[in-house]
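The following exercises concern one protein structure.

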Amino acid sequence: TEHAIAFVKNGAAGEFVIFSGKPTGITTGLVPFGVVTNGHDIVKSISGEPSSNGQLVKPVDIRRAIRSE
């Protein structure tokens, strides 16, 4: 599923991953719990930010996430 969201096992409190495409490769240590249903343009914008070793160079402040049923 494109833009899957997963918690990071043994990560810092609230640390999670948003896949910019379909998850591929090794995903050990991740616990998937949802998908982005709105705001795909924002995910694509974030994925265009500079990164090193698969992590963003500068943190992204996510101020709101809404759970939908």
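**Exercise 1.** Determine which strands each supply at least two residues of the nonpolar patch.

*Solution.* Step 1: The patch consists of F7, F16, I18, V31, F33, L56, V60 and I62, and its area is about 640 Å². Patch members have over 30% relative accessible area and no salt bridge; nonpolar side chains (Val, Leu, Ile, Met, Phe, Trp, Tyr) are joined within 5 Å. Areas follow the Shrake-Rupley method with a 1.4 Å probe, and for residues only the protein chains shown count as cover.
Step 1: The strands asked for are β2 (16-18) and β3 (30-35). Strands are DSSP runs of E with at least two residues, numbered from the N terminus.
Step 2: I62, by contrast, lies in the segment after β5 (55-56). I62 is partly exposed because its relative accessible area is 43% (buried is under 20%, exposed over 50%, partly exposed in between).

The model is predicted: local features need pLDDT of at least 70 and side-chain atom pairs pLDDT 80 or more, while totals for chains, interfaces and linings use all residues. Residues are numbered from 1 along each chain as its sequence is written, and side-chain values use heavy atoms, without hydrogens and water.

**Exercise 2.** Describe the order and pairing of the three strands in the open sheet.

*Solution.* Step 1: The order is β2-β1-β3, with antiparallel pairing; two strands pair if DSSP finds at least two bridges between them.
Step 1: β2 and β3 are the edge strands; each has a single partner, so one side of each lacks a neighbour in the sheet.
Step 2: On average, neighbouring strands are turned by 25° against each other, direction ignored (axes are lines fitted to C-alpha atoms).
Step 3: β1 (residues 4-8) pairs with β2 over three bridges, and F7 has F16 as its bridge partner in β2.

**Exercise 3.** Explain why the aromatic pair of F7 and F33 is classed as stacked.

*Solution.* Step 1: The whole structure contains one aromatic pair. Rings of Phe, Tyr and Trp (its six-membered ring) pair with centres within 6.5 Å; planes under 30 degrees apart are stacked, over 60 edge-to-face, the rest tilted.
Step 1: The F7 and F33 ring centres are 4.4 Å apart and the planes stand at 20°, so the pair is stacked.
Step 2: The pair joins distant parts of the chain, F7 in β1 and F33 in β3, 26 residues apart.
Step 3: F7 is partly exposed at 41% relative accessibility, and F33 is partly exposed at 46%.

Methods: Patch = residues over 30% accessible without salt bridge, like charges linked within 9 Å, V, L, I, M, F, W, Y side chains within 5 Å. Salt bridge = Lys/Arg side-chain N within 4 Å of Asp/Glu carboxyl O. Helix = DSSP H or I, 4+ residues; strand = E, 2+ residues; numbered from the N terminus. Buried < 20%, exposed > 50% of the residue type's maximum accessible area, 1.4 Å probe, protein only. Axes fitted to C-alpha atoms, helices over the stretch in contact; angles between N-to-C directions.
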